[in-house]
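How do the helices of this chain pack against one another? The report below takes the contacts in turn.

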Amino acid sequence: MDNLKKIKRFSKIVGVLTKYGFEEIISRGNNLISSDDDSDFYNSSFNERLRLALEELGPTYIKFGQLLSNRKDLIPEDLADELKKLQDDVLVEEIDIKQKLADEFGIEPDEHFIYIDEKPFASASISQVYKAKLITGEEVILKIKRTNIQTIVESDLALIRDIVHFLEKKYDKLQKLFISEIEKSFENSIIRELSLTNELLNIERFRKNFENSKDVYVPKTYSDYCNNNVLCMEFINGYKVNDVESLNKINIDPKYIVQKGFEIYLKQILTDGFFHADPHPGNIFILNDGQIVFIDFGSMGIITLNEKEDLENVVIDFGLKNSKRIVRSLKKMAIKNYIKNEKQLQRDIAEILDYLEQNTVDTIDVQILIKKFNDILQRNHVLLPEYVYLLLRGIALIEGIGKELHADLNIQQSIRPYAVRLAKEKFYPKNIRKKMLNNLKDVQDLMNDLPEDGLKLLEKINNDKLTLNFKVNEIENIKKVTKDSVNKLVLAILTLTFGLGASMLANTRVRPIFLDMPLLSWIGYLMSVFTAICIVVLIFRKK
């Protein structure tokens, strides 16, 4: 980033902060990282002024404030509540839409559109949305990115990186709050949201995931009028999901919508690994035939295959109320963790499970529930992947809709059938075979690395760079250890051989067939398990 631009932007930020009276931040800076300060530093006047300052500073800081509003594990609760009031609605920018379309696509707009509204019906920090009608008769919306928004956001992100780096060096406590990781996550999120090409790809991916669904309708897109600065998609003429009066008029049971919507959201998370990260009522519509429509695909959560498996385990154990296994899965999911008392963590998780079991949506305060969960993470210094925090926010929004439409919905009871199905699927022969094959490949990779690691070890010995930190007392003990090690290595190789052979046979149709798999393949797996048990026996006998 150009230093002159950075200085100009920094000067503007200082001017806005001064305007709202934030000289006190410098003198009271140490309190910025304490949520239990007894002073009036975090009084409502301060919180409100901070929110107004962020709104005036523009889209990047609005988005950052919205992110922090969902992280009550990092900032005081009253400040988080105030930041939730941050709105994307800003002053309308005067844009010549027809000229914009002509410049972007090299077309004569009047030849492609019957009409285009000159005034936007929605104005957000990154883009403005206009109604239009194609020459073919379809009603559409045109999402137009604001002028120079890319440059402004990139300048702000560069400054935020500098500020975070400075704060981490100045305040040791902030290092334990993982603010660098949070800043990187925010940066990735807003850069994705800046790209309307990325949003178009999100819509098409979402459509593919629900192409066989009768319950979900995905708006059409018109790629001839889409690029990184413009998005053209179908205008949805439906009812907001929380418009109970309208739903009743068209004979659609709100309880059905909540239950079906909850199932759809679970599919997005656990089956697709691709979920809508901002499912508030304004982004979910119901059509006359009861189909559910999501709009605004700028912010989506993505879960990798490995992450999805970990999350599936959490859902299974959540449905089965197994707090011990939930903790185990959380440890696997965590980017970093410093869990000191695992037993206490299990008890804390068990309390949350009992609370959910005994309550329905009308008696559950999900905000308190999420705060409890965040407190647990904070006490144990657990940093989870970005998608988890997006997911928590999404669940809180879905729960809010549920309270309006179906107050007696029990979340844990709704999840339990899904959890049972996932658990059953894990024990299908095909899935067991896939899991064993992946594990055997890991063992094979380890075996392949052994020669190279051995050569490195010999090189250190030859160069007199190897230092051994143990004392030899009896040569016979060394011989015995060597013999045991060789035996275990031979058994490990046999385990690998039997397992790989069985996996290769599993993909054939060699008769006889038993439970959709060749009998020889089952024998190979059994031999692999037998030799693995022998290794375990040798290990425990040694102990």
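## Helix packing in a predicted model

In helix 4, Pro59, Thr60, Lys63, Phe64 and Leu67 meet Ile182, Phe186, Ile190 and Glu193 of helix 9. By class, the residues of this contact are six nonpolar, one polar and two charged. The model is a predicted one.

Helix 4 covers residues 59-69 and helix 9 covers residues 179-194. Their axes lie 11 Å apart, at an angle of about 125°. Helix 4 is therefore oblique to helix 9. The crossing of these two helices is right-handed.

Helix 4 also packs on helix 7, which spans residues 149-170. Here the axes are 8 Å apart and the angle is about 55°. That angle, too, makes helix 4 oblique to helix 7. On the helix 4 side, Pro59, Thr60 and Tyr61 take part. They meet Ile149, Ile152, Val153, Asp156, Leu157, Leu159 and Ile160 of helix 7. This contact divides into eight nonpolar residues, one polar and one charged.

Helix 7 and helix 9 pack on each other as well. Their axes come within 10 Å and cross at roughly 175°. Angles over 145 degrees count as roughly antiparallel, so helix 7 is roughly antiparallel to helix 9. Helix 7 contributes Ile149, Gln150, Val153, Leu157, Ile160, Arg161, Val164, Leu167 and Glu168. Helix 9 contributes Ile179, Ser180, Glu183, Phe186, Glu187, Ile190, Ile191 and Leu194. The contact has 11 nonpolar, two polar and four charged residues.

The class make-up of the contacts is set out here.

| helix 4 and helix 9 | six residues | one residue | two residues |

Now for helix 12 and its two ends. Helix 12 runs over residues 254-272, which is 19 residues. From first C-alpha to last, helix 12 reaches 25 Å, close to the 27 Å expected at 1.5 Å a residue. Aspartate 253 caps the N-terminal end of helix 12. A side-chain oxygen of aspartate 253 lies 3.0 Å from the backbone nitrogen of lysine 255. Just after helix 12 comes glycine 273, with a positive phi of about 65°.

How values were computed
Residues are numbered from 1 along each chain as its sequence is written. This is a predicted model: local features need pLDDT of at least 70, side-chain atom pairs count only at pLDDT 80 or more; totals for chains, interfaces and linings use all residues. Side-chain values use heavy atoms; hydrogens and water are left out. Axes are lines fitted to C-alpha atoms, for helices over the stretch in contact, and angles run from 0 to 180 degrees between N-to-C directions. Helices (H or I, at least four residues) and strands (E, at least two) are DSSP runs, numbered from the N terminus. Angles under 35 degrees count as roughly parallel, over 145 as roughly antiparallel, 65 to 115 as roughly perpendicular and the rest as oblique. A crossing is left-handed if the near helix is turned anticlockwise from the far one by less than a right angle, and right-handed if clockwise. Contact means heavy atoms within 4.5 Å. Ala, Val, Leu, Ile, Met, Phe, Trp, Tyr, Cys and Pro count as nonpolar, Asp, Glu, Lys and Arg as charged, and the others, Gly among them, as polar. The expected span of a helix is 1.5 Å times one less than its number of residues. A polar contact is a pair of N or O atoms within 3.5 Å; within protein, one must be able to donate a hydrogen and the other to accept it, and residues adjacent in sequence count only if both atoms are side-chain atoms.
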